[in-house]
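Reader: I would like to learn how to read the features of a model like this one, step by step. Could you take me through them, giving the general idea before each case?

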Amino acid sequence: MEVDLEVISVAGLTDYIQSLLEDDRILQRVWVTGEVSSLQEHPKGLFFTLSDSDAAIKCVVWGSQKLKLMEKPKRGEQIIVLGSLRVFGKRGEYQLTVVQCLATGEGLQALRYQQLRNRLQAEGLFDLERKRAIPTHPNIVAVVTSSTAAAWGDIQRTLSQRYPGLRVLFSPAIVQGEEAPNSIVQAIERVNRDGRADVIILARGGGAVEDLSCFNDERVVRAIVESTIPIITGIGHQRDESLADLVADYRAHTPTAAAEIAVPSYSQLVLEHQQRVQHLINSLKNRLSEEFEHLEYLKTRLKRFPQTSRQLIQATAKCHLLQQKLIALDPKAVLQRGYAVVRQENNQIIRSTEQVKPEQALSISLNQGTLKVKVVEIIEKS
């Protein structure tokens with residue numbers, strides 16, 4: 001009995017395996033966790049074995065990549081590595097080429113943080129263009145923090161000192177622990193539903209990295225983004241940058257600094273107002289001085305032209321004479337001298353007896369008042 005056999009070479013088999021492994025999309029960028037069971041440094045790179053209870057895999061970090069590692073592998077430690085699978089046909093082995101290394105625990109948390117940060121950044125949530133302006137003169141400021149936190153006292157003190165009479169809304173929240181993300185989200189939403197606040201201060205006041213983890217929670221980040229009211233964060237110190245800080249409309253290093261950003265200084269406003277008033281007074285004084293100098297200049301010019309002065313005097317006298325003539329011709333002036341004006345009912349002035357008839361109604365305008373009369377007799381001029 002004959003059996004058909006398809007025989008391939010060792011190289012052919014290795015090439016086939018290599019194409020299967022190296023062309024696999026998942027294996028081109030894969031995260032692997034395990035314990036460093038052997039470690040050898042070499043001028044070309046760092047060689048080690050990553051193993052667990054059931055298997056082991058050889059790994060290499062080439063020399064150009066060693067300085068980029070967040071964590072350097074150490075024998076006996078649990079680590080997480082990012083790499084791609086490579087097949088070495090001559091030795092019949094496969095190996096993981098590592099490009100990044102993290103310690104488990106904090107390292108895993110850092111990895112998740114970085115992945116979330118990259119995703120949020122890709123959405124444009126950190127872009128300066130989407131950040132809203134902080135109002136310069138708010139009427140009401142809302143504060144989201146713990147009622148027992150020192151940050152709440154610092155904020156109250158700073159707001160009252162800088163801007164007396166300001167109304168402050170307090171929306172309490174848990175700012176540490178597993179319940180913190182939901183609590184912060186609810187506190188922000190509470191202020192937005194109320195709708196009275198002009199700006200929100202989200203504060204904590206520093207702490208250990210693990211204490212600030214709630215401000216890296218995606219729920220909190222999106223609550224800040226979706227708020228219709230601008231938000232200032234005062235979560236921690238400069239070294240404690242959180243995702244909430246990155247999406248906030250303004251990021252302050254401390255709760256006190258956040259309060260200083262939220263409201264202007266009243267004393268500074270008074271000083272600036274006084275400066276503006278003084279500037280206005282100085283401007284008026286300068287203008288008056290300029291006009292006075294111009295007036296003196298015109299007076300000097302007039303003195304240089306006496307003929308013009310005589311002409312002006314003559315013209316003034318002529319105007320006065322004409323004014324007197326106009327006054328003399330004024331009908332009201334005539335009435336004042338005892339004369340009267342007789343008019344028909346259509347307001348036409350009577351100048352002759354021929355214009356009237358017996359029993360005709362007429363009006364006589366005097367200096368003071370008008371008489372209504374009726375013609376009793378017409379006496380013709382002799």
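Author: Let us begin with exposure, where a residue is called buried under 20% relative accessible area, exposed over 50%, and partly exposed in between, with a 1.4 Å probe and protein chains only as cover. This is a predicted model, in which local features need pLDDT of at least 70 and side-chain atom pairs count only at pLDDT 80 or more, while totals for chains, interfaces and linings use all residues. Residues are numbered from 1 along each chain as its sequence is written, and side-chain values use heavy atoms, with hydrogens and water left out.

Reader: Why does phenylalanine 47 count as partly exposed?

Author: Phenylalanine 47 counts as partly exposed because its relative accessibility is 26%, and tryptophan 62 belongs to that class because its value is 37%.

Reader: How many aromatic pairs does the structure hold?

Author: Rings of Phe, Tyr and Trp (its six-membered ring) pair if their centres lie within 6.5 Å, and planes under 30 degrees apart count as stacked, over 60 as edge-to-face and the rest as tilted. The structure holds two such pairs. Phenylalanine 47 and tryptophan 62 make an edge-to-face pair, with 5.9 Å centre to centre and 90° between the planes. Phenylalanine 47 lies in strand S2 (residues 45-51) and tryptophan 62 in strand S3 (residues 56-62), so the pair ties together parts that are 15 residues apart in sequence. Tryptophan 152 and phenylalanine 170 are stacked, at 4.1 Å centre to centre and 20° between the planes. This pair links distant parts of the chain, 18 residues apart, with tryptophan 152 in helix H4 (residues 150-162) and phenylalanine 170 in strand S7 (residues 167-172). Tryptophan 152 is buried because its relative accessible area is 14%, whereas phenylalanine 170, at 30%, counts as partly exposed.

Reader: Are the residues of strand S8 buried or exposed?

Author: In a regular strand the side chains alternate between the two faces of the sheet. In S8 (residues 199-203), five of its five residues are buried. Val199, Ile201 and Ala203 point one way, and Ile200 and Leu202 the other way. Strand S6 (residues 140-145) pairs with S8 in the parallel sense over four bridges, and valine 144 stands opposite leucine 202. S8 also pairs in the parallel sense with strand S9 (residues 231-234), over four bridges, where isoleucine 200 has isoleucine 231 as its bridge partner.

Reader: Which strands stand at the edges of the open sheet?

Author: The open sheet of three strands has the order S11-S12-S13, with antiparallel pairing. Strand S11 (341-343) and strand S13 (370-374) stand at the edges, each with a single partner strand, so one side of each is left without a neighbour in the sheet. Three bridges join S11 to strand S12 (residues 361-365), and valine 342 has isoleucine 364 in S12 as its bridge partner.

How values were computed. Helices (H or I, at least four residues) and strands (E, at least two) are DSSP runs, numbered from the N terminus. Two strands pair if DSSP finds at least two bridges between them.
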